Amino acid sequence: MDSFIQEIRDSLGDNDDFFFQQEKIGRASVILMGFISLIDLTRTKEALHANMDNWKPDRDDASSMMEAIGEVREMDLSEAITMFMDGKLIVFFESERILVLAEAYPSLLNRAVESPTNENVLQGAISSFIEDIDTNIGMVRKQIVSRHVKVRSFLAGSLCHKKLSLVYDESHADSKLVAKVIKQIESSSDKEINNLQNLTKALGLSAWSSVPKFNTTELPEEVAGALIKGRVILFIDRMPFGLILPNLIWDMFSLENDRNYPLPLMIVIRLLRVVGVLTTLIAPGLYVALVAVNPEVLRIELALTIAQSREGVPYPAIVEMIFMLIILELIIEASTRLPKSIGPTITMVGGIILGQAVVTAKLVSNLLIIILAATTISNSTVVGFQNSLAIRLFKYVIVIMSAMYGVLGLLAGLVLICAYLSSLSTFGISYLNISMNKGESGNG
Amino acid sequence: MRALKLLAAAMMVITLSGCWDNIDINHRVLPVVMGVSKHDGEYLIYLQIPEPMQNTTQIKIVKGKGSTINHAVDDISANLEDRVDLLHVKVIVLDKKYAEAGLEDTISDFMRGRDVSPKTLVTICDEDMDHFFSLVKKKMGPKGTTLYDFFEKNAGWNPQIALTRVWEVYRSIHSYTRDVAVPIIRSGDTTVVQHIGSAVIRKGKMVSQINSEETLLFNAFQRESTQGKIEVMHHASVLVIGNSLEVHSQMDGQTPILRCKLKLKVVILETKEHPTSDMIMKELNEGLTHQFNHMFARLQGSGADILGTGQYFRSKIPRSELKDWRTAFYPKLKLDLQVQTIIENTGFLELS
């Protein structure tokens with residue numbers, strides 16, 4: 001036995017899914033090596049034999065046979081292990097003592113392309129990304145057929161390897177941005193990337209930013225739209241979505257799919273989302289401000305109605321509001337944790353029973369329930385779940401400011417949020433940038 | 001270090017905000033109407049408070065006494081279970097006798113203190129306040145805002161009611177050239193309140209009175225929309241649907257002259273004995289001119305410039321002399337009003 005084979009046996013032999021198999025291909029006796037969990041061995045062998053049967057050699061020697069099987073390669077142990085991990089088959093010719101790297105039939109570990117689970121599409125392409133990075137890039141290539149679309153792939157991590165791909169449209173994307181991103185990825189190629197927090201760190205972005213640095217999407221249509229707008233897209237293997245970089249504020253309100261509607265309807269729908277975000281931010285704060293600090297702003301009829309609905313409520317408005325908001329957040333969190341079949345139960349218990357009971361028990365006022373419903377519903381009009389999380393967090397700032405300074409505090413809270421948003425930037429592009437076409441990114 | 005600074009700032013926001021002084025809306029008393037009267041140097045304050053009960057609103061009238069208004073309100077607040085919040089006061093009812101004695105102090109106090117909004121309406125009550133409020137309480141519906149609705153433009157306001165706010169009264173006290181008219185009300189026989197005209201306030205003192213129809217002309221002169229008013233004459237009644245005023249001012253030596261043209265757009269509602277439209281127009285023009293001249297003569301006599309005629313001479317009289325407007329110029333003012341009526345339509349029937 002060759003020493004190389006022995007080395008492989010020493011380092012991988014304790015894996016039960018690693019195989020060494022004696023085989024005869026043509027006249028040569030070989031050893032096949034690989035991971036049975038990554039390779040469909042039966043089909044691979046069939047293919048090898050079929051290949052040999054059809055083989056019409058010019059010269060009848062072993063080396064041309066090896067070339068027909070795969071790539072003849074001198075490799076050291078670690079390189080070979082990387083190849084095994086990548087799902088490759090290595091064929092060892094015993095008599096010649098030569099390693100041949102062969103492509104194998106991979107065993108199917110991916111789900112089929114399905115409709116998106118986190119985003120809803122009305123009137124648009126509904127196939128969504130899957131875990132396999134190559135499939136995802138292929139879907140993008142299908143969506144946007146252009147020779148300007150470039151794909152760069154990287155391997156990140158020193159212990160675990162993770163494949164990253166950068167997709168950009170060189171005719172639209174700012175070449176400086178692309179160069180910056182590539183440089184950043186290459187310089188941190190030794191870092192492990194298992195989640196988006198890792199990726200944020202690897203790209204040298206602040207991990208403490210409440211607004212996500214990436215706009216995640218499951219839809220090839222959105223990715224294609226982003227490419228044309230000059231964004232760059234990152235794909236990570238095993239993550240079923242594309243990361244659009246940089247994330248800008250308008251992404252919260254616009255979907256590429258909106259452009260499938262007539263223009264006036266598109267404008268109205270987007271305005272509706274803006275109204276939704278403002279309602280989420282302002283409504284709870286406004287309630288607290290008007291009820292506790294500045295009731296004089298209300299019309300007298302409304303003031304009397306509110307006073308009447310709060311009759312007998314023991315807590316001040318801010319406690320009442322925070323209490324109900326937290327219960328609501330718990331309901332939302334619970335319904336995402338639960339299996340789909342139990343989800344509706346929670347909605348019913350939370351929404352109807354708790355809502356009704358809490359009012360009957362005079363813990364909170366009727367009006368508060370209306371405000372909460374409006375807040376939660378309008379929060380869901382935001383595009384992208386990651387964006388709605390940020391908005392959900394910001395509304396507490398406004399609630400607390402309003403509880404202290406009333407309507408003035410509400411305004412101060414909005415100014416604070418605006419100031420925070422304008423302080424964010426990704427690779428030198430401000431978050432509040434509206435357009436990101438080539439050459440315009442510096443105008444902020 | 002940065003985190004420490006942030007923490008310190010956050011702590012200061014909490015400790016310096018004073019948010020523990022905020023009182024929720026259901027722990028505040030929100031009076032809608034405030035009555036002020038003065039007896040033997042002591043202020044008597046009436047507050048009409050709508051009290052939200054289960055499914056309905058009850059009206060409470062509370063009364064306080066004190067040497068100042070604030071003292072009196074404090075007196076009420078101490079005796080009530082909730083804190084009195086005067087910011088929602090929409091109507092201030094002043095005793096007529098008190099108005100005749102002079103309102104300057106009260107109005108200045110309202111303007112100085114922030115607890116009564118300067119937008120609050122001012123009215124004068126032509127009867128004993130105790131009597132007025134007890135009758136109002138008896139007749140008022142469960143809504144509790146009746147008195148306020150009476151003056152509300154999108155509710156019960158009519159063009160023959162003058163609308164004057166606290167800041168306008170305050171302005172008239174300090175302005176050289178402008179006075180105000182304040183509506184006078186009393187409790188009605190079948191309705192909650194009854195409007196009986198407007199008080200003419202000169203420098204914070206009530207000096208004269210004009211009736212409802214004159215107030216309509218006053219409102220028209222103020223370019224207040226008089227839409228909806230039915231003008232009764234010998235031959236017809238009409239609906240005014242639009243009015244505009246053109247004013248031309250001029251000084252003839254020391255005599256100010258004002259030429260005004262009031263344009264009314266009317267719709268005919270009722271006729272008697274088949275008048276022609278020319279007749280109606282002529283009668284309307286003459287009638288209104290006569291009525292106006294009559295009112296103006298009386299106003300000139302009282303020395304109160306509620307029409308704000310002095311405003312048109314601000315650029316023509318030097319400021320040093322302007323302060324004598326009410327005494328030196330206003331009594332000499334020649335006002336020439338032309339009423340021009342346009343009949344927009346005659347309803348579904350034609351006039352000959």
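Analyst: Happy to. A word on the records first: UniProt positions are given in the numbering used here, feature names are shortened, and annotations may be inferred rather than shown by experiment. This is a predicted model, where local features need pLDDT of at least 70, side-chain atom pairs count only at pLDDT 80 or more, and totals for chains, interfaces and linings use all residues. Residues are numbered from 1 along each chain as its sequence is written, while chains are lettered from A and ligands numbered from 1 in the order in which they are written.

User: Thanks. Where does UniProt place the feature "transmembrane region" in chain A?

Analyst: The unreviewed UniProt entry puts it at residues 271–293, 313–332, 344–361, 367–385 and 397–422 of chain A.

User: How much helix is there in 367–385 and in 397–422 of chain A?

Analyst: Residues 367–385 of chain A are 74% helix and 0% strand, with end C-alpha atoms 27 Å apart. Residues 397–422 of chain A are 100% helix and 0% strand, and their end C-alpha atoms lie 17 Å apart. Helices (H or I, at least four residues) and strands (E, at least two) are DSSP runs, numbered from the N terminus.

User: OK, on to chain B. How many helices and strands does it have?

Analyst: Chain B has 11 helices and 14 strands. Its C-alpha atoms fill a box of roughly 80 × 55 × 55 Å along the principal axes.

User: And which domains does chain B get?

Analyst: The assignment, which is automatic or from a database, gives domain 1 (23–210) and domain 2 (213–352) of chain B. Their centres, taken over C-alpha atoms, are 30 Å apart. The contact between them takes 18 residues from domain 1 of chain B and 25 residues from domain 2 of chain B; residues are in contact if their C-beta atoms, placed from the backbone, lie within 7 Å.

User: Which strand gives the largest share of the domain 1 side?

Analyst: Strand 9 (193–202) of chain B, with five residues. Strand 8 (180–187) and strand 10 (205–210) of chain B also give two or more residues each.

User: How does chain B meet chain A?

Analyst: Through 18 residues from chain B and 20 residues from chain A. The chain B side divides into eight nonpolar, seven polar and three charged residues. Here Ala, Val, Leu, Ile, Met, Phe, Trp, Tyr, Cys and Pro count as nonpolar, Asp, Glu, Lys and Arg as charged, and the others, Gly among them, as polar.

User: Which residues touch the most other members of the largest nonpolar core?

Analyst: In that core of 125 residues, they are A:Tyr287, A:Val288, B:Ile45, B:Ile92 and B:Leu94. Helix 9 (residues 263–293) of chain A gives the most to this core, 12 residues. A nonpolar core is a set of buried Ala, Val, Leu, Ile, Met, Phe, Trp, Tyr and Cys residues joined through C-beta atoms within 7 Å. Buried means that 20 or more other C-beta atoms lie within 10 Å of a residue's own, exposed means 12 or fewer, and partly exposed is in between, with C-beta atoms placed from the backbone.

User: Last one: how do strands 12 and 13 of chain B pair?

Analyst: Strand 12 (residues 236–252) and strand 13 (residues 255–271) of chain B are antiparallel over 16 bridges; strands pair if DSSP finds at least two bridges between them. They form a hairpin with two residues between them, and B:Gly253 in the turn has a positive phi of about 65°. B:Ser249 stands opposite B:Leu258 in strand 13 of chain B. Strand 13 of chain B also runs parallel to strand 14 (residues 334–345) of chain B, joined by 11 bridges.

Key:
Two residues are in contact if their C-beta atoms, placed from the backbone, lie within 7 Å.
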